[in-house]
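Work through the following exercises with the sequence and the model at hand. Each one sets a task and then gives a solution in steps.

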Number of protein chains: 2
Amino acid sequence: MKVLIVSAHPEPSSLTNALRNVAISQLEADGHEVRVSDLYAMNFQPCVVREDFPALAEGEPLRPTVASMQASATSAFTQDVLDEQEKVLWADAVIFAFPLWWFSVPAIMKGWIDRVWTAGIGYQLSGERYGAGRMSGKRAMIMVMIGGRETYFSAGGVNGPIDDLLFPITHGMLYYPGFAVLPSLLVYRTHHLDGRYDEVCDEVRGRMRDLFTTPPIPFRAQAGGDFDEQLGELKPEIAPATPQGFAPLYKP
Amino acid sequence: MKVLIVSAHPEPSSLTNALRNVAISQLEADGHEVRVSDLYAMNFQPCVVREDFPALAEGEPLRPTVASMQASATSAFTQDVLDEQEKVLWADAVIFAFPLWWFSVPAIMKGWIDRVWTAGIGYQLSGERYGAGRMSGKRAMIMVMIGGRETYFSAGGVNGPIDDLLFPITHGMLYYPGFAVLPSLLVYRTHHLDGRYDEVCDEVRGRMRDLFTTPPIPFRAQAGGDFDEQLGELKPEIAPATPQGFAPLYKP
């Protein structure tokens, strides 16, 4: 199969990049084809700017969503964006490797999402999303390097539960365009890894061996019959009586 | 009082910038001093890079957290970061105005957080955070432009509840450094604002008039006695029996 790894750490010898390389080795040993977008090494430009839409008429105000929709019919995007889209469309699975900075991806990776997920790629003019969309049939997974202790990210942890903190990424940035999203690979206490490094490498290798068999996170599909089509809300018979955060968006 | 507004939209005539200007006018009419960081106009550099740490020894691998801690004693940061820190330290309140792109801030604003929240500013070597920290005594608020309908972000909405989606920002990026965080100002269906524009402007003006009196979101302070200090988890007598997302992190 074909795998794209998108990584985002400024230090070539960082844990993020070391574990990315472990993943590459394992995937290649298993016969997969691997391509890498090392965003820092590529000096990827992360800001959505007017120049991203070469067909936008002079003097026309930039409304990014509208401009993206207009550009999508002829793929009138910049070459750096087209190159990344080509890699994603080529891949059967996409892996994102990054350090958790301020409870999200580093800016350079947010910019990859902001720019590469154009109309026709990240979202569809038809409105297909969450279980449908251009990335349908592909898998995605995030590998996250976390400085803090695991208990700080537990159900009662002071930072909030990690799967909820990552939900805007796993559900919002990946399930939305249609990926089947695998459970996140989380490495905690990265500044005190010491004796655990080999164990973590083993975990990465295991997750790579199982990349195409691991059951994805059971998010509810938008067109799966659970949501009111007009309101985009769970039907009354499914919705919980009291608010429960993101929990209702998983299939029981 | 003194107010800093940080805004992030590439189009000068965008709704984000229009409402930012409405906020500025109201604040100034009420006698407040206002400064603005328009990140696109400033061409703010959003990526944490090696050059952010001028004192880092040649050949020393870049570990951003460690480098930031080492640099913090002498504020050995780059001038663009120091300039933003000076504005934040000057302000009594900081407002962030941005469009919701992929369920988070635009990359350029994520980069402002990644780079400006250095050790000594965003986080303390002493570990003080969540209700304590360098931003203690200051207020923060986000103004978010959202393309979708409100029902899509409700308790049963297909995107997830908006306050939970924004939690990594309000709690993670703002309450963590010590800000009292006000309820978010949310503008939905921004592509179909039509007859609602005046009403939205009124809401912005109202929120500005009440900026220093609106009760903040009642997040639980880390040192407020609710958390086990070692584990960073809610004490057993406070923790809910079943997982409830971010809900337990609010004071009842």
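**Exercise 1.** Describe how helix H1 (residues 15-29) of chain A and helix H7 (residues 197-209) of chain A pack, giving the angle and the distance between their axes.

*Solution.* In this predicted model, helix H1 and helix H7 of chain A pack at an angle of about 45 degrees, and their axes are 9 Å apart. Axes here are lines fitted to C-alpha atoms, for helices over the stretch in contact, with angles running from 0 to 180 degrees between N-to-C directions, and helices (H or I, at least four residues) and strands (E, at least two) are DSSP runs numbered from the N terminus. H1(A) and H7(A) are therefore oblique to each other, since angles under 35 degrees count as roughly parallel, over 145 as roughly antiparallel, 65 to 115 as roughly perpendicular and the rest as oblique. The crossing of H1(A) and H7(A) is right-handed, a crossing being left-handed if the near helix is turned anticlockwise from the far one by less than a right angle, and right-handed if clockwise.

The next step is to list the residues in contact, where contact means heavy atoms within 4.5 Å. From H1(A) come A:Leu15, A:Ala18, A:Leu19, A:Val22, A:Ala23, A:Gln26 and A:Leu27, which meet A:Tyr197, A:Val200, A:Cys201, A:Val204, A:Arg205, A:Met208 and A:Arg209 of H7(A). By class, the contact of H1(A) with H7(A) has 11 nonpolar residues, one polar and two charged; Ala, Val, Leu, Ile, Met, Phe, Trp, Tyr, Cys and Pro count as nonpolar, Asp, Glu, Lys and Arg as charged, and the others, Gly among them, as polar.

The conventions are as follows: residues are numbered from 1 along each chain as its sequence is written, and chains are lettered from A and ligands numbered from 1 in the order in which they are written. Because the model is predicted, local features need pLDDT of at least 70 and side-chain atom pairs count only at pLDDT 80 or more, while totals for chains, interfaces and linings use all residues, and side-chain values use heavy atoms, with hydrogens and water left out.

**Exercise 2.** Which residues does A:Arg209 touch, not counting residues up to four places away in sequence?

*Solution.* Begin with the place of A:Arg209, which is in helix H7 of chain A. Its contacts beyond four places in sequence are A:Gln26 and A:Asp30. The C-alpha atoms of A:Arg209 and A:Asp30 are separated by 7.3 Å, although these residues are 179 apart along the chain.

**Exercise 3.** At what angle do the axes of H3(B) and H4(B) cross, and how many residues of helix H4 of chain B are buried?

*Solution.* The axes of H3(B) and H4(B) cross at roughly 90 degrees and come within 10 Å. That makes H3(B) roughly perpendicular to H4(B). On the H3(B) side the contact is made by B:Asp80, B:Val81, B:Glu84, B:Gln85 and B:Val88, and on the H4(B) side by B:Trp112, B:Arg115 and B:Val116. These divide into four nonpolar, one polar and three charged residues.

As for burial, 10 of the 10 residues of helix H4 (residues 107-116) of chain B are buried, where buried means under 20% relative accessible area, exposed over 50%, and partly exposed in between (1.4 Å probe, protein chains only). The cover of these residues includes H4 of chain A, together with strand S1 (2-7), helix H3 (79-90), strand S3 (93-99) and helix H6 (167-175) of chain B.

**Exercise 4.** Is B:Leu39 buried or exposed, and which residues does B:Leu39 touch?

*Solution.* B:Leu39 lies in the loop between strand S2 (33-38) and helix H2 (64-72) of chain B. With a relative accessible area of 0%, B:Leu39 is buried. Leaving out residues up to four places away in sequence, B:Leu39 touches B:Val6, B:Ser7, B:Ala8, B:Phe44, B:Ile108, B:Met109 and B:Trp112. Of these, B:Ile108 is 69 residues from B:Leu39 in sequence and 6.9 Å from it in space, C-alpha to C-alpha.

**Exercise 5.** Where do B:Arg189 and B:Asp194 lie, and what is the phi of B:Arg189 and of B:Asp194?

*Solution.* Most residues other than glycine have a negative phi. B:Arg189 has a positive phi of about 50 degrees, and it is found in the loop between strand S6 (185-187) and helix H7 (197-209) of chain B. B:Asp194 lies in the loop between S6 and H7 of chain B, and its phi is near 30 degrees, a positive value. B:Arg189 is partly exposed at 28% relative accessibility, whereas B:Asp194 is exposed, with a relative accessible area of 68%.
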